Amino acid sequence: MDAKELKEIHSKIIEVLRNKESFLITSHLRPDGDAIGSQLALASLLEEMGKSIIIVNVDPVPDPFRFLPESDRITNDFIPEDPPEVALVLDTSSLDRTGRVAGLVRKAKLVINIDHHISNEKFGDINLIEEDAGAVGEQIFSLIRSLDCPIGKKRAVSLYTAILTDTGAFQYDNTTEKTHRIARHLLREGVEPALITEKIYQNVSFSRQKLLGLALATLRRNPREGVGWIRLTREMYRKAEAKDSETDGFINYVRSIKGIRLALLFQETDKKNQVRVSFRSSREINVNDLAQQFGGGGHPRAAGCTVEGDIEEVENKVLAAARKIIVTS
Ligand SMILES: [Mn+2]
């Protein structure tokens with residue numbers, strides 16, 4: 001998207017934010033730091049503009065993000081009597097990724113889709129899709145700036161969290177000069193990076209670490225192809241007394257191994273015969289393409305999909321497809 005196009009879309013969104021009164025803000029299943037942080041920053045802005053807002057996600061706010069200002073305002077089952085005028089869908093590549101909130105989104109008069117996934121289906125009436133944004137948090141930051149509204153410390157903390165988590169603490173290749181420029185601005189608004197890092201990364205539950213140990217014990221690789229993978233079964237969750245939402249970051253332990261170009265995580269969902277697959281890759285392998293073969297998607301270096309079948313079967317199928325992609329890249 002060029003600067004002119006971006007400006008046009010910004011003005012369209014700003015017009016809606018100024019002129020409409022009721023807003024639903026939603027995001028994807030199993031929300032991450034970018035989803036939650038972006039939602040809270042946008043909600044706080046709209047509230048200051050005197051709008052009526054509801055923030056609804058299918059799944060709860062993960063523990064590490066509960067420290068964010070007003071995170072308790074995100075509900076999981078709130079159904080308003082009247083559908084909102086405008087639905088803002090953040091960080092979500094396709095509408096079905098909002099789970100049953102999709103029904104509510106469809107009832108809105110206008111849908112605004114703000115996202116940075118390359119696989120975004122542009123389901124909104126207005127689509128602000130910036131594939132080169134490190135996080136939706138960056139997009140919300142720019143939007144607030146174009147509105148000429150102050151960022152303020154509260155919103156800065158939420159946006160910093162969004163950007164920090166989606167760039168893997170400024171480590172992934174979606175980290176740009178702009179990312180750091182925005183971070184600098186947020187620090188000037190009073191964000192204390194060490195404090196946020198501590199809340200998010202040094203606050204891990206015992207059960208999550210137990211689960212990580214069990215998952216890493218399943219580590220396998222194909223050294224010739226540079227592929228590594230781990231699995232998570234329901235049995236492991238039971239053993240560790242861990243929750244589904246506690247696996248964030250597991251795949252990075254595989255991705256960071258010397259010689260691994262493609263990392264995969266296979267995890268059984270709570271549905272029988274269903275496996276969620278996460279992908280992380282190095283520069284030359286496009287995992288968005290790979291995930292799309294199985295009905296998923298995401299970013300070129302980070303993507304996911306959900307596949308029916310038992311874990312053994314799914315592993316074989318997905319690893320075979322991965323091998324094909326590796327041979328050609
Ligand atoms: Mn994101």
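Contact is taken here to mean heavy atoms within 4.5 Å. The structure is a predicted model, in which local features need pLDDT of at least 70 and side-chain atom pairs count only at pLDDT 80 or more, while totals for chains, interfaces and linings use all residues. Residues are numbered from 1 along each chain as its sequence is written, and side-chain values use heavy atoms, with hydrogens and water left out.

Leaving aside neighbours within four places in sequence, Leu186 is in contact with Phe141, Ile151, Ala156, Leu159, Tyr160, Ile163 and Val191. Leu186 is also among the residues with the most contacts inside the largest nonpolar core, together with Ile13, Leu88, Ile114 and Ile140. A nonpolar core is a set of buried Ala, Val, Leu, Ile, Met, Phe, Trp, Tyr and Cys residues joined through side-chain atoms within 4.5 Å; buried means under 20% relative accessible area, exposed over 50%, and partly exposed in between (1.4 Å probe, protein chains only). The largest core has 48 residues. Helix α2 (residues 33-48) gives the most to this core, with seven residues; helices (H or I, at least four residues) and strands (E, at least two) are DSSP runs, numbered from the N terminus. Another core, of 24 residues, lies apart from the largest one and includes Phe294, Val307, Leu319 and Ala322.

The manganese ion is coordinated at 2.1 to 2.3 Å by Asp34 (OD), Asp91 (OD), His116 (NE2) and Asp166 (OD). Donors are N, O and S atoms within 2.8 Å of the metal (3.2 Å for Na, K and Ca); water is not among the atoms, so sites may look incomplete. Along the chain, the donors of the manganese ion follow the spacing D-x56-D-x24-H-x49-D. His116 lies in the loop between β5 (110-115) and β6 (126-129), and Asp166 in helix α5 (residues 152-166), so the pair ties together parts that are 50 residues apart in sequence. Both His116 and Asp166 are buried.

Arg30 is found in the loop between β1 (22-26) and α2, and is partly exposed, with a relative accessible area of 34%. Ala169 is found in the loop between α5 and α6 (177-188), and counts as partly exposed at 30% relative accessibility.
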